[in-house]
Structures are given as C-alpha cells and as structure tokens.
Amino acid sequence: MAGVDAFVRWRYRLVPDHIVGEILSKRWADNLIPFLFLLATILVFGANIRDFYTIGYLSDATRQLGEFLLVVIGMVIVMLGGGIDLSVGSTFALANIVTLIAMNVLGWPVWLALLATLVVNGMVGLMNGVLIGYLRMRAFLTTLVTLIMIRAVVDILLLKYSVPISGASVTSALWDYVGDGTLLGLPFSFVVALAIAAITHVFLSRSRPGWHVAAIGGSRRSAYNIGIPVRRTVCMTYVLSGMLCGIAGFLFAARLGGAGADTGVGLDLQALTAAVLGGNSLGGGRGSVAKGALGAVIVLIVINGLVRLGFQSGATSMVLGLILLMAVSIDVRWFKNRHKVLSKVYVSPMFFRLPPRPSTLPDSASPYALNDKLRDVEVIGLDRIEGPEDVILDRDDNLYCGSRHGDIVKFFGPDHQRSEIFAHIGGHPLGMAFDRAGHLQVCVGGMGLYAVSPAGEVRKMTDETNRSPRSIIDDARVRFADDVDIAPDGRIFFSEASIRYESQDWAVDGVECRPNGRVICYDPRNGTTRTVLRNIRLANGICMASDGQSLLLNETWACRVLRYWFDGPKAGKVEVVLDGLPGYPDNVNRASDGNYWLALVGMRTPVLDLALRKPGFRRRMARRIPMDEWLFPNINTGCIVKFDEQGNILDALWDLGGQNHPMITSMREHRGHLYIGGIYNNRIGKYRIPGADRNWTAQDHYWGPAR
Amino acid sequence: MKGWLFRRAHFSQERIVLAITIALFVLFSATLNRFLTSANLLSLLQSVSVLGILGVGMAIVVIGRGIDLSIVAIMAIPVAWVLYMMNQGVPVPAAFALGLGFSVAIGVLNGLFIAYVEVPALFATLATGAFVYGFGRSQLFNQDIIYLPASASWIAAVGRMHVAQVPIAVVFFAAISLAGFLVLRYTKIGRFFYLIGENYLAARITGIPARPMIVIQYVLSSLVAFIAGTLTAAAVTSMNTRVVNSTLIYDVILVVVVGGIGLSGGKGGIRNVIIGTLLIGILLDGMTILDVRYTLQNLIKSIILLVAILVDSIVNPRDEQTDQQGDI
C-alpha cells in the first residue's frame, strides 16, 4: 500500500492537473481552437502546394488579405454589437465601382475618390444602421435585402459605366502606389489593414463607445436599462462596417482597376465564415479584431489553396459551407457548455496524507479530551449579527466584529448590550488587528486589506500583490484575504487563504487540498505589497510570535500550525509548531500568560482523511455529483485549544452538546474573558477564564500602555 | 369610431397586401392592354407557381420560427443530379429515388443542426446551402446546366401538360397548397408547428416533441423544394444550377413575408403564401409588360421586401425588454 500511495503522491505532485481548468478560465482560451485550426490549415496546404512558403506567394496573399481583413473587421464590429452585416459583398462592389467612376471617368484626384467612396459607403451603412438600429428591424434579413438592392444598383452602374471605365487609363503615381506599392517591404494595402486593425482593436477594447458595442452585444436589455444609447451605437456599427468595406473596395479598385459583375460575390459568406471561425460569437458580446484576423487568414488560405490545388469551382463553396457549419456548431456548443466544462475540470485534487488523529474521547488522557467548559458562556448580540468570523476589543472594552452584510459592528463596553454599525466596508470582514495608532486593519473577503480609523472611516490599504510569472491565473489580485497581524515595526502580514477560489468556495478548496494559500506583507512605510510565503494548504490565522521576528500561521487543511521567520537569523525559514491536530485550525491569538489560543473550526473525520489520500476519488466526486452531495470537511463541531510556542497543548475548551458554540473560528482574550466568534454563528460568546489576569488587554500587552 | 379601424383583424398585413394586390390588378388591367387576357393570366400563374410552391415549403419552416435559406440549393442540386444520372444511363426510378433521398438527407441534416446542436436556423441553412451547391458542383457533376436526356422526353411532355387548360405547374401549386393547408390546419403535427413557433420553450415544457418536429419541418421543406425543382426541370427540360446564386431565395422570403407570415413564428398560413405569390406575380408580370429592365426589377423587388419587413416590424414590434438575446 505504501508503494501505491507513493506513486499516487508523485503522480499528483508531478502532473499539474489544475492547469487545464485555469487555462479554460482564461478569456484567451477561446482562441485556442481557431489557432490550432490555423496551424492545421497551414500545414495541410503548405505540404501540398509547392511554393506555399515563398515570398512571391506570400506577398500576393497578403495583398488580398489586406482587403479581406478590412471587410472582416467591419463584420466583427457589427457582430460584437449583436448584429450581422450580409451586405458587405455588395457594399464592397459598390465601393469598387464608385472609386473607378471617380478615378477613370470623372478624373478626380485620389483623395477625392477615396472621400467619395467613404461617403457613399457610409450612407449605405447609415441606411442599414437606421433600419436596424433605430427602426429595430432584424439584422439578418435587412442586410440580406440591402445586399440585393445594392447589387442591383451596382449592376445598373456597371451597364452604364463599364465601357468608359475600361477605356480610360489613370496616370497617377499615388494611385499606382496604392495599388502596387510596398511600405517597409509589405504591400501598401496590407499595411493599411494592419493600421486600421490596430486602431479598431484599441477602439473596441479601450474606448467607451467600443465597450458600449460589446455591452449591447452581451446583453441588449441590460445595456438599454443602464442607459447606453443602444440605437445610436448599433447604427454606428453598421456605418463603420460600410466605411471599412469602402476602404477595402477602394484598395481593390487600385489593385485591379476593373469592374465586373462578380466583384464581391460570395464575400459575405467568406467574411461571415472568417468572423465566426475566429471565435466571434453569433449574437454578440464576445469577439475581437484578433479573432477576426485569425479567421480571415484561415479562410483566405483555404480559398486560395483550393484554387491552387485545382479543385472545381464549387469546391470553395462546399468547403466554406462545411467550415461555417462546423464553426457555428462549435461556437454554439462551446458558448453553452463552457462553464459546465470549467466547473467539472477546475477542481483538481491532490494527494495529502495527514498524521494520525489524536483521540478526543472525554475519558482519554488526551489533551484534546471533550469537556463542557463552553456550555455556560455568556451570549452577546444574539440574533443581531450574522457571521462574526473574527472578534476584537479595543482598549476601552468596546467589542468589534464583522458581519455577513459587509459591516463592522461595534458593541459598547463594558456590558456589550448596545451596538452600532461602526463602518460599512462592503465585503465580509474576516480577520482583524489593531495597529499601533489604534486603526483597525481588516481582511475583507473578495476585496483585500482595509483600514478603519477610530472615527469609522474606511480606507483601502492594498488589494494587489506582485504577479508571479509562472502562474496562469492572475494571482496579483488579492481575492481571499483571511487573517492579519502586525509586526512591531508596523509591517502588516496577512494570509490569503487561496489564490484559486473565492471566499465563498473555501470548502471546495478543502476538497482540492492543493497548496493554494500564501502570506502577503504590506509595508505601510513605502506602500509596497509583496508575497512572502507560498504553497500553504489554506493559509488562515496569523499571529506574531513573542520574538518579534516570526509569526505563527495556521495551515488549515494540513491541520498544523507553522512558524515563519520574516526577520532575524532564521529569516525565510518555516518550522512546524503543532502537527496532527484533531481538527482544522482557524485563527490564532495571544493569551495573557504568553501562550496562544487556537480555534479549531471543525474536527477531522476518518472518511475525509482517507479521501485526502484518494485524489482520483475526489476528482470523480467533483465531476459526477452535484456540489450539495460532496464530501466536505466537517465544520459543525469545534473547540478552542491553548498551546505554547514549543507545541505543547495546555488546555481545550469544548461545548459538548454544541448548544452555544458549535463552530468556532476566532477567540480573543480581554480582561480575563475569552470572546468567541464563529463565521456562521448569530452570536458572540464570552467565557470567563479561570485564573486569568483581569487587567490584561492585547493592545497594551503588544503595543504598550496607552499614552 | 377609431376602434374598428385599428382593431387587429382589420389592420392586419394580410388585408393590406390583399388590397394592394387587388389595386395593382385593377390598375394593370386598366392601363396595360395585354394584361387582362386569359393567356397572360395563365402564364402569370405558371411563372410564379414554382415560386409559390417554394413559398409553401418556406412557410412551414417560418411558422415554426425557422428559416430555410438552403431551399433553392435543395431545389436545384438534387434535381440536377437526377438529370445527370439519367444522362449516365441510371434508370429513371432509381435516379429519382436517389435524388429524393439526397434532398431528404439535407433536410434531416438541417433539422439536426438546428434542433439538436441548436445552431441558429439562419446560419445552419446558409451553410448547408453553400455546402450542397459546392458539393453538387464539385463532386456530383461538373456542368452549370444539366439537360434532360432525350430518352426521358416524356418528362418534358408532362411538364407541358395542361389539365383543363390549366398548366400542370399551376395544378401542382394548387395541390401542394391544399396539402400544406390540410397539414397545418388539421393534423397534430401542423398544430405543433404553430405552438413551437409561438413559444418554443413553453411548447417543449408542455411535452411537445419540439426537436423531432423541427427536423420534420426541414424535411418537409426539402421535399417541397425537390418537387419544385422537378417541375422546373420538366418545364424547361434542364436544370440551371446557377439559380442557387440568383435572387430566387429572396423572392421566396418575399412571398412569405409580404403575405403576412411573421418571421417571429406561430402566425399565418397557406392563404398568406397565395396572396404573397399573387402580388409578386402581378408585379413581375406588369413590370415585364412595361419592359422594365431586370436589374431595375430587382431593385424594385428589394425595396418592396424592405417595406414589407419594415411593416412587419411595426405591426409586430420588438420589445427591448422581451427580446430574445442573439435573435438576429
């Protein structure tokens, strides 16, 4: 069995299962499938076409790509806003013929021809935009109709002007340069397309109107309800699309200089295929210029490749139809099931072997033996508070606790009957500590480290630390700050329970039992935040040790208390103070006699201990059954333990029937009493410690008497 | 007395279109001296009967809140394949069975993608249309136009047949319209189409087999398209596959939408298809007699279609609060 265990341990240590889920949770994961498709396309056609990788072929292809990319960008903008523009092919043809009429027939200068083209196509886009944006007609059919309309107009123009266009010749160096010239070794049209792509990318991802487009595509109703000008923005997307087609048609005219009946025919299907293939979502809200460019390259390679390989004329249509069908199917299914896949693969348990559980039986000689000491505690604030994870007292005997509603509640001393909301932070306050000046430092789940002044003003201290280069998920943002204590020199050390889970999912982190926790140091003297210790199995309670150079840290899922030196000769070292606890340690705080109080939030069970050695079992559990039925750590019974820095257990306080304090997450000693908090409790307990110093307060003891 | 004017029954699109149709008919009858002759009217009917038949197929799908953009490809390619096989010496029944099987297979493919993969109908049928055309042109045969072989001239004879002076195509249009009417009005499947089109989720929750019904819709529209293609081939003794890239598909949508079958589904019936077909037929015939150029005819038709969709969107307005996300 030991051999099997060792194998399993190394298997889960060496294979980084969690990476799959983390990659899937990234937005750029959407681009992976199109990217792989692009590689496959290049390999297939590169192997079959002889001069595929040569300069001549590439330069020819990039010239076409420039024009096609502009059309696709227009399509992407429209699709991001939840619409579709099928008229791009006809609009492109219209731009082509308008440019040629302006250049060849009317003899206008190049800039005037461009302007005329942009105006004409902008008007066409405006027509689409007014019909779809303001009159709220259905985009697909409306643009389908404008497709025929504009095609009819193009045909009429062709009948009238095709002879004069082909008869005239333009002598303009600029015109030739637009058609044939190169800039920095790249075809001019391609450079133009790249520049416009970059501008559009910034517009869509960094500007307010661009965000409005994505917001409308994501949820038209919500966008309307929060006051985004839906109609105007939708209209604008079609105008932009029309104008981009105008530039593309202008470049096409400069390159080929001829107008035919088949100009731009089928371009709508190609552009649509490119946009969807790149991963731009039908129905809007999800898309980018980069995705469109990816799709455009693939489609162009396929079309050109099929022609070069000598397939029949219908083959392009067949392959494009097939690709479109496949791309749309993948898009629809992926969009629908992504979060399901993610929730199935994100949880990736690891092997972990806990030391044997010590006995807690009442008549055993164990230091953890069950007793009834907490049965008769005095109850404070019953049913007036929800979720006091941590409690703390100031020098004036006032009691503070966090609440589920995002408040810090203050109970006035000495009797703690009257209460007020001391400060509203917004997130659930977890660990708390007073600094030298009497400001309350609070870890807020989901928000970071906050400070509350004695007057109740809330100030953000930090919510960001250094990004570790090899982490896939963004571990710069502090998402689960848990407990805090302050070094004598003022540096604030706080634990972040997990970098992979939000605070409401702490139990899932326990199922995973992966070292996701860390300790972060915020230095108020220069405002820096650094991660100082990583790979903790749920980093929880923090308390400065007596030497002022180290801190005690609870590693909850490993059921042990660590001691970490941040200063002095042993700086950077970690030692285990207490190992093999019978339960899961939560917060740790100082006691009046120089020892420490430790809260065990729940007790270990043989089943979960065994499950921790069976990561495959836990993974199957996470994938196959609903979360309600998972095997979770028990948090219904807990106790308080007193220990010293050498790791000796001195006392244990229990509530045997679980009447007053079934679960305990924190406790503070103050003037001979112990105040007890629990994250799911509706009360605070007050326990009189026999023989304790009646004048001892944590503030005076640590920071010295008040001046 | 404003109430009766704006009451829905009096203000429906169907009545407006009917009124316009009658007005146009009267106008053309009065102004064009070649219009009101029985020969012209019969040729008018014959020219639009294929369009009308396709309209019936489209109507079945649109009532179920779908759309079939591949209907013209299904009309052209399987029939062209049938002709090609006949030219190659395949027996006529076998060729027809294969062609029919091909079109049904496309209908099933459409239905599966739309009902089970949940691809929007517009895109699924757009893609299958392109696929079928390309597949036919590149894999099944290599010509644009496939002619009816001389050995099967009896088919052409059937195409020229008249039943009591009425061309066979018009008879088929009438028969298919009647069949469509009976299916939609009196069969369980037909009622299910309406319910699915009205509210897909509610229909599914009620226990209607919504997904199989959608597959059946597209199979029916494929079958209708195959019949329309066969009639066309019989009439002109050939099949021109370039029709796929023509504007015929927009004419079909025009017939359905102008007739008053809302694209949001659940409304309308075969009567609307007939009214729409008559309007388009009268319009095209009148323009042809007036010698309007083909490109201009396209422009006029598309403007009418645009107005029709606009009226549809005003009569059945979209609501920002209840609009379906991604319903483009």
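**Figure 1. The loop of chain A that holds P414(A).** In this predicted model, P414(A) sits in the loop between β6 (407-411) and β7 (419-424) of chain A. Helices (H or I, at least four residues) and strands (E, at least two) are DSSP runs, numbered from the N terminus. The peptide bond that joins G413(A) and P414(A) is cis, with omega about 0°. Most residues other than glycine have a negative phi, and most peptide bonds are trans. Residues are numbered from 1 along each chain as its sequence is written, and chains are lettered from A and ligands numbered from 1 in the order in which they are written. Because the model is predicted, local features need pLDDT of at least 70, side-chain atom pairs count only at pLDDT 80 or more, and totals for chains, interfaces and linings use all residues, while side-chain values use heavy atoms, with hydrogens and water left out.

**Figure 2. Two loop residues of chain B with positive phi.** E118(B), a residue other than glycine, has a positive phi near 65°. E118(B) belongs to the loop between α6 (92-115) and α7 (121-140) of chain B. Its relative accessible area is 26%, so E118(B) counts as partly exposed (buried is under 20% relative accessible area, exposed over 50%, partly exposed in between; 1.4 Å probe, protein chains only). D291(B) also has a positive phi near 65° and is located in the loop between α14 (270-289) and α15 (294-315) of chain B. D291(B) counts as exposed, at 67% relative accessibility.

**Figure 3. Surroundings of E512(A).** E512(A) is part of helix α16 (residues 506-512) of chain A. E512(A) is buried, with a relative accessible area of 0%. Leaving aside residues up to four places away in sequence, E512(A) touches Y346(A), V347(A), S348(A), P349(A), M350(A), R500(A), Y501(A) and R618(A); contact means heavy atoms within 4.5 Å.

**Figure 4. Aromatic pairs of chain A.** Over all chains, the structure holds 18 aromatic pairs. One of them is the tilted pair of Y177(A) and F188(A), at 5.2 Å centre to centre and 55° between the planes. Y177(A) lies in helix α8 (residues 173-180) of chain A and F188(A) in helix α9 (residues 188-206) of chain A, so this pair ties together parts that are eleven residues apart in sequence. Y177(A) is partly exposed, at 30% relative accessibility. The ring centres of Y346(A) and Y501(A) are 5.6 Å apart and the planes stand at 85°, so this pair is edge-to-face. This pair links distant parts of the chain, 155 residues apart: Y346(A) is in the loop between α15 (313-345) and β3 (378-380) of chain A, and Y501(A) in the loop between β13 (492-496) and α16 of chain A. Y346(A) is buried at 13% relative accessibility, and Y501(A) is buried at 4%. Rings of Phe, Tyr and Trp (its six-membered ring) pair if their centres lie within 6.5 Å; planes under 30 degrees apart count as stacked, over 60 as edge-to-face and the rest as tilted.

Figure 5. Ring pairs link W81(B), F102(B), F131(B) and F135(B) into a cluster. In helix α10 (residues 188-198) of chain B, the buried residues are G190(B), F192(B), F193(B), Y194(B), I196(B) and G197(B). The cover over the buried residues of α10(B) includes α4 (38-63), α9 (168-186), α11 (200-206) and α12 (210-236) of chain B.
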